[in-house]
Amino acid sequence: MRKFVRRESLVIIAIATLFAVCSTPVTAGDDVKVLLEILLEKGVITQQEFDAKLNKVAENDEIKAFNQSQELRKLSKEEAQRTEKEKTIKTEIYGQASAGYYSASNMGVTSPKDAAGMSDQPKGNNRIGLRVTRQMSEEVSAAVTLESNFSTRTGALGKDAGGFGVSSGPIFDREANFRIASKTFGTLVIGRGPNLQTDLSGAFDARQNWNFGGLKPIGRYVGFHSASGINRADKMFRYISPVFNGFNLDGGVSFGGVQDDEEKGSSAYLGGRYKNEGFEAGYNHIEARVGSAPVADVNNRVDFFAAKYTFTQMTVNAGYVITRNPTAANSGAYSTTKADGKSDANTFFTGVVYRLTPAIAANGAWYQVKDKQSATGINDVTMFAGGLTWSPYKEWDFFLDYVAAQRKNGATAAFTIFDKWVPDTSAAVQSESKKSQSGLSIGAQYKF
């Protein structure tokens, strides 16, 4: 009796185990096969049932393996798609910052005096930007750029030249645009940003210091830089052609950026660049309306010519700029950032950059502004600038610069060797002056 109970118990346990094994997707292994063989030997199941149960277990194992492989394929496909998308989208944070010490003479228009202190953006405009680029195909890419000026001295954001500007100005004062670039058809830029004049002014100026004693302060004075629609514009459509045999075409239009005065800031330009080995040349023509209503005609016309040649260690350059105000005459040449924006002058510049060592470069430049509004040339400017730049690392520049600008007695138009920033904690001491100026600047710039 005891043997019978033990045998019946074994059968019941075996049957329960069999059903449990067959109802779950387990692997058909030796243990399952041995159990089925025991049940067959004891007569609990027939040979037909043995074969069917064994096949069922094998089918469950195949189904599980298939499902697992499908899940792995899905995960692998999703990962591949993420990886491919990450390859086509590039996010870049970039910028530069500079600061230093300055000492200069005849600062200010009302009561010129010597001044010294911490300089803000003494080499190039401080900036921080975000650029997101999407590679649409091997041929076409698209990008969005947002870029703001900032002050290392005051912390001002979205203001030109270290806080000198309107407090309610835009944060992305330098760039806010998107572009579509094609290797075959060229690049289209839409929104706020620089035009060809900015590129040419920087490329053909021997001064490696852009904001102190370079072409930019001269350009502000005579009207081919830093006025609405001149070198940076709102509502701009810019087209840059591909390079053909070293030459590319660059043109654009701007529809202005002043509410209720749409004529102001509207402009059109056309020019291009040519490069062949060590030689490079550039030209740009601008038709701009920088005055306020009721001035509807063009009141600033610019023709910019420049060329440079690079030897092994030295680059020499020269340029000529014609700035005209065809609308009406005024009392003298002065910056287009003024209210009426009128300017009429010719500018000649030349310079040289000599690389003493791979890390140390010397530069010198001479600028001559001829005022065409007066027969006496009362508002002429002659400026000499020179400096040394040490770049121990790709991202770092350390510089020392000296500038001297000569003015005639009785000049009526204010000029500054600086980029119009306020070089003192007191807003009353601004840099513009009707007197001769000279200055010394020392500092550092970091690019990232």
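User: What makes an area count as the exposed area of this predicted model, and how much of it does the protein have?

Analyst: Accessible areas come from the Shrake-Rupley method with a 1.4 Å probe. By that method the protein in this predicted model exposes about 22,800 Å², and carbon and sulfur atoms supply 59% of that area.

User: Why is I240 called buried?

Analyst: A residue is called buried when its relative accessible area is under 20%. I240 has a relative accessibility of 19%, and therefore it counts as buried. I240 belongs to strand β7, which covers residues 232–240, and buried residues make up 44% of the 448 residues in the protein.

User: What makes G186 and N248 contacts of I240?

Analyst: The word contact requires heavy atoms within 4.5 Å. Once the neighbours within four places in sequence are left aside, I240 is in contact with G186, T187, N248, L249 and D250. A separate value describes I240 and G272, which are 32 residues apart in sequence while their C-alpha atoms are 8.8 Å apart in space.

User: What makes a group of residues a nonpolar core, and which residues have the most contacts inside the largest one?

Analyst: The members must be buried residues of the nonpolar kinds, such as Ile, Phe and Met, joined through side-chain atoms within 4.5 Å. The largest nonpolar core has 40 residues, and those with the most contacts inside it are I218, F224, F304, M383, F415 and I417. Beyond its neighbours within four places in sequence, F304 is in contact with residues including L200, L215, F224, V321 and F349.

Methods. Residues are numbered from 1 along each chain as its sequence is written. This is a predicted model: local features need pLDDT of at least 70, side-chain atom pairs count only at pLDDT 80 or more; totals for chains, interfaces and linings use all residues. Side-chain values use heavy atoms; hydrogens and water are left out. Buried means under 20% relative accessible area, exposed over 50%, partly exposed in between (1.4 Å probe, protein chains only). Helices (H or I, at least four residues) and strands (E, at least two) are DSSP runs, numbered from the N terminus.
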